[in-house]
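Here's a short tour of a protein chain for anyone new to reading structures. Have the picture open while you go through it.

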Amino acid sequence: MISRATLAAAALAASLATAPAVHAEGLGAEANYGRANGHWGSEIGAGYALDVAGFSLTPGAGVYLRDGAAKLYGRVEATYALPAFATVGAGVRFSSDKARPYATIAMPILPKLRVKGNVGPKYYTAGLTLGY
């Protein structure tokens with residue numbers, strides 16, 4: 001008879017064996033300038049990218065600075081990397097009581113440095129991304 005501990009160990013071993021197909025790409029930071037919540041300001045944020053076969057899911061959070069005030073925001077992006085060209089995708093930014101969908105594109109300048117743009121209804125920014 002197989003014990004529960006043996007089954008749990010087998011399940012853990014199976015999940016570790018398949019782990020290379022899904023791996024964390026890592027931390028990243030962004031600095032953007034643009035219009036959000038009806039005002040011009042700067043976004044400074046960070047996220048953690050999870051990659052699967054060219055696709056990436058990146059949850060993140062940061063602070064939106066404008067006119068001496070600061071507001072927290074969160075976001076989730078789903079992107080696809082076009083090798084040596086650009087990363088394209090879509091995201092949702094959560095701030096105050098609003099969720100704003102947007103399209104995103106990032107183009108490499110250096111290996112871990114990209115210029116990035118986000119465009120959506122009442123939300124658009126341009127800036128730099130370091131990492132991921």
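Asn118 sits in strand 7, which covers residues 113–120. (Helices, H or I with at least four residues, and strands, E with at least two, are DSSP runs numbered from the N terminus.) This is a predicted model, where local features need pLDDT of at least 70, side-chain atom pairs count only at pLDDT 80 or more, and totals for chains, interfaces and linings use all residues. Residues are numbered from 1 along each chain as its sequence is written, and side-chain values use heavy atoms, with hydrogens and water left out.

Is Asn118 buried or exposed? Asn118 is buried, because its relative accessible area is 2%; buried means under 20%, exposed over 50%, and partly exposed in between, using a 1.4 Å probe and protein chains only. Leaving aside neighbours within four places in sequence, Asn118 is in contact with several residues, including Asn32, Glu77, Tyr102 and Thr104 (contact means heavy atoms within 4.5 Å). With Thr104, the Asn118 side chain makes a side-chain polar contact of 2.7 Å. A polar contact is a pair of N or O atoms within 3.5 Å; within protein, one must be able to donate a hydrogen and the other to accept it, and residues adjacent in sequence count only if both atoms are side-chain atoms.

## Ser56

Now hop over to strand 3 (residues 55–66), where you'll find Ser56. Ser56 counts as buried, because its relative accessibility is 13%.

## The chain as a whole

Zoom out, and the chain has one helix and eight strands, in the order α-β-β-β-β-β-β-β-β. Of its 132 residues, 32% count as buried.

The largest nonpolar core has five residues: Ala36, Tyr64, Tyr73, Tyr102 and Tyr123. Such a core is a set of buried Ala, Val, Leu, Ile, Met, Phe, Trp, Tyr and Cys residues joined through side-chain atoms within 4.5 Å. In soluble globular proteins, nonpolar side chains tend to be buried together.

## Salt bridges

How many salt bridges does the structure hold? There are six salt bridges, each being a side-chain nitrogen of Lys or Arg within 4 Å of a carboxyl oxygen of Asp or Glu. Side chains of opposite charge can pair when their charged atoms come close.

One of them joins Lys116 and Glu30 at 2.7 Å, N to O. This pair links distant parts of the chain, with Lys116 in strand 7 and Glu30 in strand 1 (residues 23–36), 86 residues apart. Lys116 is buried at 6% relative accessible area, and Glu30 also counts as buried at 6%. Another salt bridge connects Glu43 and Arg93, again at 2.7 Å, N to O. Glu43 lies in strand 2 (residues 39–52) and Arg93 in strand 5, so this pair ties together parts 50 residues apart in sequence. Glu43 and Arg93 are both buried.

Then there's Arg75 with Glu77, whose closest N and O atoms are 3.8 Å apart. Both of these residues are buried. Glu30, Arg75, Glu77 and Lys116 are linked in a network of salt bridges.
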